[in-house]
Amino acid sequence: MQTRKPINIPVVAAPAPEDAMTDSNCSGNEMVALMVLGDSMTPEFSEGEMLVIEMGAPATDGSFVIAEANGEFIFRQLQLDDRGGWRLHALNPAYPDVAISGPGSTKGVVTHKKKPGSRKSVKYYEPQSAH
């Protein structure tokens, strides 16, 4: 099986904390949609599925995230390892895990996915509880 290089994913930055709150009760976090490309997150996520990501949302162990690693943005599962370090885990074992400094390296958390053209194919992801 050919190993693919992580792709660049354009990410919309959430407003700065001082701009996040206005006179309304909005949190300031933006929602963006991205399409899954490649097979690094199979079997849970298939190429062509649409992801909805809450930018700036706090990530915890087990969250599916968009994160910055090695100067690029990648889609992975955030995991806390046995030694207390953090990594971005690809569900497909053909791809290596990537060590990161912590949840602060994440840019957004996947809230749900949908297969294009199907109204009944939505799957929601609950925030993970911290370990």
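Buried here means under 20% relative accessible area, exposed means over 50%, and partly exposed is whatever falls in between (1.4 Å probe, protein chains only). The model is predicted, so local features need pLDDT of at least 70 and side-chain atom pairs count only at pLDDT 80 or more, while totals for chains, interfaces and linings use all residues. Residues are numbered from 1 along each chain as its sequence is written, and side-chain values use heavy atoms, with hydrogens and water left out.

Going along the sequence, the pattern reads α-β-β-β-β-β-β-β-β. Of the 131 residues in the chain, 40% are buried. Among contacts (heavy atoms within 4.5 Å) with a separation of 6 or more, 53% come from residues 24 or more positions apart.

Next comes the inside. A nonpolar core is a set of buried Ala, Val, Leu, Ile, Met, Phe, Trp, Tyr and Cys residues joined through side-chain atoms within 4.5 Å. The largest one has 13 residues, and Phe45, Leu51, Ile53, Phe64, Phe75 and Val110 touch the most other members. Strands β1 (31-35), β2 (50-55) and β3 (64-69) each supply at least two residues of this core, with β2 giving the most, three residues. Apart from it lies another core, made of twelve residues, including Ala59, Ala69, Leu88 and Val98. In general, nonpolar side chains of soluble globular proteins tend to be buried together.

Phe45 is a handy place to look around from. Beyond its neighbours within four places in sequence, Phe45 is in contact with Val36, Leu51, Phe64, Phe75, Leu91, Lys113 and Tyr125. There are four aromatic pairs in the structure; rings of Phe, Tyr and Trp (its six-membered ring) pair if their centres lie within 6.5 Å, and planes under 30 degrees apart count as stacked, over 60 as edge-to-face and the rest as tilted. The rings of Phe45 and Phe75 have centres 4.9 Å apart and planes at 80°, so this pair is edge-to-face. Because Phe45 lies in the loop between β1 and β2 and Phe75 in strand β4 (residues 72-80), the pair ties together parts that are 30 residues apart in sequence. Both Phe45 and Phe75 are buried. Phe64 and Tyr125 make an edge-to-face pair too, at 5.3 Å centre to centre and 75° between the planes. Ring pairs link Phe45, Phe64, Phe75 and Tyr125 into a cluster.

Charges come into the picture at Lys113. Its charged end sits over the ring of Phe45, 5.0 Å from the ring centre (the rule asks for NZ of Lys or CZ of Arg within 6 Å of the centre and within 35 degrees of the ring normal). Lys113 also meets Glu44 in a salt bridge (3.9 Å, N to O), the term for a side-chain nitrogen of Lys or Arg within 4 Å of a carboxyl oxygen of Asp or Glu. Lys113 is buried, at 9% relative accessible area, whereas Glu44 is partly exposed at 22%. Glu44, Glu49, Lys113 and Lys123 are linked in a network of salt bridges. Elsewhere, Lys107 forms a salt bridge with Glu68, with the closest N and O atoms 3.5 Å apart. Glu68 has 34% relative accessibility, so it counts as partly exposed.

Notes: Helices (H or I, at least four residues) and strands (E, at least two) are DSSP runs, numbered from the N terminus.
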